[in-house]
Amino acid sequence: MTALLELEAGYGKVRRDRAFRRELAALLADFAGRPTPLYRADRLSEAAGCRVYLKREDLCHTGAHKINNCIGQALLARRLGKRRVIAETGAGQHGVATATVCAKLGLACTIYMGAKDVERQAPNVFRMKLLGAEVREVTAGSQTLKDAMNEALRDWVTNVETTYYLIGSVAGPHPYPMMVRDFQAVIGREALRQIRRKAGGPPRAIYACVGGGSNAMGIFYAFLRTRADLIGVEAGGTGLKSGRHSATLTRGSPGILHGSQSFLLSNSDGNVADVHSIAAGLDYPGVGPEHAYLKKTGRARYFAVSDRAALEAFHRLTTLEGIPPAFESAHAVAGFWKERRRYRRADRVIINLSGRGDKDIPRLFDHAR
Amino acid sequence: MPGKSLVVYLTAGWPDRATFLKAAKVAAEEGADLLEVGLPFSDPIADGPTIQKTSSAAIRAGMNYDRALDLSQRLPPGLPRALMTYANPLFVRGWAGAFGEIRRAGFAGCILPDVPAEELVTYLPFRPRGFYLVPFVAPTTADDRLARVADAARDGAFIYMVSLRGITGARLSAAAEREIAGRVRAIRRVSHAPVYVGFGVRSGAWAARLARLSDGVIVGTAALEALRRGLGPFGRLLRELRRSIDIRPPAI
């Protein structure tokens, strides 16, 4: 708790600090490669029957939106005088982004990763090690993302004076959900500006995938006060009835995990459920509390698409636009595709393409063989 | 000077239901003052490897909320007990209902390590009369938070002093001892509630040193590790701890 209070105070200071904001803006521009384009997907638009724009977070350094938050928090860690950064990772994207920024800023880096994920995502483990990070394999519990987060929290309380815990999603205890949202909100700010300039008006709808929910919160935030429909697409796995999914907002109920109250997939004893998705980055039983709030107020709506629909969307975007999306982002594409008939030809729809699919291609390759 | 308390933690139903009940009986016989019964949770973030393992083993063997409360009815009647678990298993049932059921199962209070004092005070209105909730104090807890801790520690609650930075089962040091002494002094200024020190209590020597600084010690990881070896080693550990904390410090 003391560490969280220190973090809250430290973040409160830097978010108003000009020098910090300049430093952040410079790294986002020259290191991460921002602003990312808002790209009009003509062939997908033609096939869908409305005007589809892709927010190209897949073009960020390290291949996903994760870097936006990592730069912000790593700069904060340095301001707080912490020399060591720890993080949890599922698919390895957040781990790679954290290790990348730590290398750049000269901070020691330890990444916690579930043993199952270490096995499934071996190339990312290697990549983190190349970047100088130590990767600690977590063999407790379900050996996936939530267990990596448990272990990172245990490390943090043990080494709180020297260590900064860099959470990768809009989950965890306050102030993380707020802070991660703020660092990701650059996505929506850019998209709002770009769609006005390029497309001449606001979007009718925005689609984003939701695991913990950071890319969705990042693009939604600037649009909360517009009339755009905000739609979060969750991982339906092998089907909601199969029980093998991670559709927290669609199928979960209120719960408390990792220091925040939100929606959660847990059983009647309150134990956290095992979840599944083809997209390791969506494979989390909780969801950011602000998404639970947006669901409750009706400002955003959420539904799930299956592994199969996400794979179809992957192929559709790859063949129509030459852009292989990450399996996570393919869920957003699939969610839009499912609802495409709602829109008229002149309607503008933005899909947040949160990450690129390069990391998933080896799995498709194995599958094809 | 009142006697020092010995608090013993056991995971409900571990290593099996019969041994768990026997261990509780041994604890009562060896002079434990309070039994802390752990309702196992899937994600015990405050616990080290030992209690993580006993928790997941108990869950795998079918232990859950209803069974833990049922089983607890058969614990030694003379030994006061508190239920230790995490927020979610009680939250999903509703705080008021859960606290009532736990009280009826014979527990005097509840210990929730993932709920800070600031949140804990908001749950106080949902308790049955006389049922307590235990706030935690860590070596890093600043003085300005202690008022909230004192506020939460009502109706017979003790304050759970975490002896070190980290999780259950870690190792103590002399530096940690000095910090604990400082925190206990700060607590005394704002609260009359007893302060029990837990996390890292492994030997009689440490128990004696920590008990001298506080009102008692909590033993969990070491107790479970002894119990894994058998009821004999478990009983011997408790006897050693009891004897150590009862020795009055030499007069100066």
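**A covered strand and its surroundings**

Modeller: Strand E2 of chain B, residues 34–38, is mostly covered, with 5 of its 5 residues buried. A residue is buried if 20 or more other C-beta atoms, placed from the backbone, lie within 10 Å of its own, exposed if 12 or fewer, and partly exposed in between. Helices (H or I, at least four residues) and strands (E, at least two) are DSSP runs, numbered from the N terminus. This is a predicted model, in which local features need pLDDT of at least 70 and side-chain atom pairs count only at pLDDT 80 or more, while totals for chains, interfaces and linings use all residues. Residues are numbered from 1 along each chain as its sequence is written, and chains are lettered from A and ligands numbered from 1 in the order in which they are written.

From E2(B), the residues B:Leu34, B:Glu36 and B:Gly38 point one way, B:Leu35 and B:Val37 point the other way, and all are buried. E2(B) pairs in the parallel sense with strand E1 of chain B, residues 5–11, over 5 bridges. Two strands pair if DSSP finds at least two bridges between them. One of these bridges links B:Tyr9 to B:Glu36 in E2(B). In general, the strands of a sheet pair through backbone hydrogen bonds, either parallel or antiparallel.

Leaving out residues up to four places away in sequence, B:Val8 touches B:Ala27, B:Ala32, B:Leu35, B:Glu36, B:Val219, B:Ala223 and B:Leu238. Touching, or being in contact, takes C-beta atoms, placed from the backbone, within 7 Å. The largest nonpolar core has 213 residues, and B:Val8, B:Val217 and B:Ala223 touch the most other members. Helix H15 of chain A, residues 327–338, gives the most to this core, with 7 residues. The core also draws at least three residues from each of domain 1 (2–28 + 65–180) and domain 2 (35–64 + 185–368) of chain A. A nonpolar core is a set of buried Ala, Val, Leu, Ile, Met, Phe, Trp, Tyr and Cys residues joined through C-beta atoms within 7 Å.

Next comes the boundary between the chains. Here 24 residues of chain B are in contact with 20 residues of chain A. On the side of chain B that touches chain A, helix H2 (49–60) and helix H4 (87–91) of chain B each supply at least two residues. H4(B) gives the largest share of that side, 4 residues. By class, that side has 13 nonpolar, 8 polar and 3 charged residues. Ala, Val, Leu, Ile, Met, Phe, Trp, Tyr, Cys and Pro count as nonpolar, Asp, Glu, Lys and Arg as charged, and the others, Gly among them, as polar.

Chain A is split into domain 1 (2–28 + 65–180) and domain 2 (35–64 + 185–368), with bounds that come from an automatic or database domain assignment. The C-alpha centres of the two domains lie 22 Å apart. Across their boundary, 30 residues of domain 1 are in contact with 31 residues of domain 2. The side of domain 1 that touches domain 2 has 13 nonpolar, 13 polar and 4 charged residues.

Chain A has an open sheet of 4 strands in the order E5-E4-E3-E6, with parallel pairing. Strand E5 (134–138) and strand E6 (163–165) of chain A stand at the edges with a single partner strand each, so one side of each has no neighbour in the sheet. The twist averages 25° from one strand to the next. Helix H8 of chain A, residues 145–158, packs on this sheet, touching strand E3 (84–89), E4, E5 and E6 of chain A, and its direction makes about 160° with that of E3(A). Such angles run from 0 to 180 degrees between N-to-C directions, with axes that are lines fitted to C-alpha atoms, for helices over the stretch in contact. Within the sheet, strand E4 (residues 108–114) and E5(A) are joined by 5 bridges and run parallel. One bridge links A:Thr110 to A:Glu134 in E5(A).

Chain A has its own strand E2, residues 51–56, which is mostly covered, with 5 of its 6 residues buried. Strand E1 of chain A, residues 38–40, runs antiparallel to E2(A) and is joined to it by 3 bridges. Strand E12 of chain A, residues 348–353, runs parallel to E2(A), with 6 bridges between them. A:Tyr53 in E2(A) is the bridge partner of A:Arg40, and A:Tyr53 also has A:Ile350 in E12(A) as a bridge partner.

Technical notes: Contact = placed C-beta atoms within 7 Å.
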